[in-house]
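Here is a short note for someone opening this structure for the first time. Please read the points with the model in view.

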Amino acid sequence: MVAQDQARDMRVQRLANRTSLPWGGGRLDVDSWLIHTDMFHPIFQVLTTKGNTWGIAPRYTRAWQAGGMRNEVTLGARLYAGDYEALRFANAGGAAGAPTLDSRQRALNQEAYLENRTFLTPQLALVAGLKALRHERRYDNRGLPGAGAPSGDAAIYSGLNPRVGLLWQPRPQLQVFANLTRSQDVPDFTDLTQTFGATSRFVPLAAQRAWTAEIGTRGSHGPLRWDLSYYRSQVRGELLQYSVNPAVPAATFNAGRTLHQGVELGATLELARNLLADHAGDRLVLQQTWNWSDLRFQCDAQHGNGAIPGLPRHLLRTTLSYRRADGFYVTPTLDWVPGGAWVDYANTLKTPGYALLGLKLGATLRDGLSFYVDLRNLTNRRYVADFAPVLDARAAPVNTFYPGTGRSLHAGMRYEF
């Protein structure tokens with residue numbers, strides 16, 4: 001028998017709807033959803049959760065002329081909530097043993113946003129927006145015999161996040177944009193809830209706040225299409241995960257000042273068309289994506305200006321796709337990580353880089369019915385897919401790394417009607 005027989009089994013049922021209709025000279029879209037989740041997760045203990053998440057998100061858009069200038073407005077809201085029963089048991093070889101925790105997690109999230117584009121000229125628009133949010137987290141530890149009395153915790157996060165930007169479109173196929181945006185990310189129950197002795201309760205965590213400047217361009221010219229942007233975020237209170245030592249049960253902490261910056265590039269080049277006489281309209285297309293990321297502390301008392309672990313500096317994906325008008329396609333793929341990510345906050349160990357080869361192909365059998373085959377990691381390359389960041393890799397546990405999936409085949413069919 002495998003010790004603990006760790007797994008993560010989930011049953012999820014999801015019901016979603018979108019209703020769209022013209023209203024007040026504009027368009028109203030209303031999204032709604034209901035998700036039921038039942039999770040069985042044996043790890044160091046057996047974790048189970050069962051409950052529902054629901055939400056509704058109306059969005060109204062309208063364009064009109066005011067003072068000789070065109071205006072486009074977007075007004076929306078999101079109201080979503082969840083109510084889950086979270087239980088823990090001793091792990092008896094992958095089965096639930098004696099209960100160790102009986103709790104309930106409830107969240108209510110309310111957001112409203114407004115964005116307006118005013119075209120100062122036919123080619124130049126001023127973009128201004130504001131988002132208001134209020135997120136509530138409530139936790140009830142219902143207690144167990146011999147494991148402490150029932151207790152409860154609550155946390156509320158709220159804020160106003162403005163946005164301002166410029167959008168320049170000198171011609172229909174070219175856009176240049178610049179934005180300055182404030183954002184907030186609030187802790188979830190995994191961050192907030194920690195175990196102290198025989199009881200579980202919230203740890204004090206602030207929301208993560210950031211000001212992000214972004215500049216970029218998107219468009220097309222002949223056979224080339226592109227989307228390129230550079231961003232730079234000044235972050236306060238970044239939510240970072242790591243273990244200090246067994247005597248400190250908290251695993252998520254707010255950092256001081258951190259910096260996130262990077263480049264995101266997506267480009268598509270049509271190399272050839274009408275290659276085969278029997279298949280007019282067939283195309284050979286090269287597609288490239290590249291992400292460069294630089295995440296680091298700023299004058300931190302412990303880490304100085306060191307890099308934040310978890311993400312490699314470069315991620316590249318290249319595909320070369322042959323497609324026909326009848327729906328047949330074949331696409332070789334290359335996923336390349338030239339250099340790995342820092343494993344620890346002390347910046348003493350990096351994961352090795354790797355390259356993965358794949359192949360996708362598919363075809364349309366008849367109207368609405370198609371199939372696909374996705375072959376991944378054709379060379380069966382061994383690589384580190386993920387890891388749990390640690391303070392210092394020189395004293396890290398050997399089980400901090402997670403291996404990537406070997407050679408695999410995924411296939412399926414789609415029917416659209």
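1. Is Phe202 buried or exposed? Phe202 counts as buried, because its relative accessibility is 10% and the cut-off for buried is under 20%. Bear in mind that this is a predicted model.

2. Look next at what surrounds Phe202. Beyond its neighbours within four places in sequence, Phe202 is in contact with Arg137, Tyr139, Asp153, Ala154, Ala155, Phe189, Leu192 and Thr193. Phe189 is buried too, because its relative accessibility is 13%.

3. The largest nonpolar core has 13 residues. Which of them touch the most other members? They are Tyr139, Tyr157, Phe189, Leu192, Phe202 and Leu205. Another core, of seven residues, lies apart from it; Leu240, Leu295, Ile308 and Tyr345 are among its members.

4. Now the aromatic rings. The model has six aromatic pairs. In one of them, the ring centres of Phe189 and Phe202 are 6.3 Å apart and the planes stand at 50°, so this pair is tilted. Phe189 belongs to helix α1 and Phe202 to strand β10 (residues 199-202), and the pair links distant parts of the chain, 13 residues apart.

5. Where do the two residues lie? Phe297 is in strand β16 (residues 283-297), while Tyr345 is in the loop between β18 (329-337) and β19 (354-366), so the pair ties together parts 48 residues apart in sequence. Both Phe297 and Tyr345 are buried. Tyr345 is also one of the residues of the seven-residue core.

6. Follow the strands around β7. Strand β6 (residues 124-141) runs antiparallel to β7, and 18 bridges join the two. Arg137 has Ala155 in β7 as its bridge partner. Both Arg137 and Ala155 are among the contacts of Phe202.

7. On to β8. β7 and β8 pair in the antiparallel sense over seven bridges. The two strands form a hairpin, with two residues between them. Trp168 stands opposite Val176 in β8.

8. Gln175 sits in strand β8 (residues 174-185). Gln175 is buried, because its relative accessible area is 18% and the limit is under 20%. What does Gln175 contact beyond its neighbours within four places in sequence? The list is Leu167, Trp168, Gln169, Gly216, Thr217 and Arg218.

9. Val384 is in strand β21 (residues 384-387). Val384 counts as partly exposed, because its relative accessibility is 22%. Not counting residues up to four places away in sequence, Val384 touches Thr351, Tyr354, Phe401 and Tyr402. The C-alpha atoms of Val384 and Thr405 are separated by 9.3 Å, and these residues are 21 apart along the chain.

10. Last, charges over rings. The charged end of Arg323 sits over the ring of Tyr329, 4.7 Å from the ring centre. Lys350 has its charged end over the ring of Trp342, at 4.9 Å from the centre.

How values were computed:
Residues numbered from 1 in each chain as written. Predicted model: local features only at pLDDT ≥ 70, side-chain atom pairs only at ≥ 80, totals over all residues. Heavy atoms only, no water. Core = buried A, V, L, I, M, F, W, Y, C linked by side-chain atoms within 4.5 Å. Buried < 20%, exposed > 50% of the residue type's maximum accessible area, 1.4 Å probe, protein only. Contact = heavy atoms within 4.5 Å. Helix = DSSP H or I, 4+ residues; strand = E, 2+ residues; numbered from the N terminus. Pairing = 2+ DSSP bridges. Phe/Tyr/Trp six-rings, centres within 6.5 Å; stacked < 30°, edge-to-face > 60°. Lys NZ or Arg CZ within 6 Å of the ring centre and 35° of its normal.
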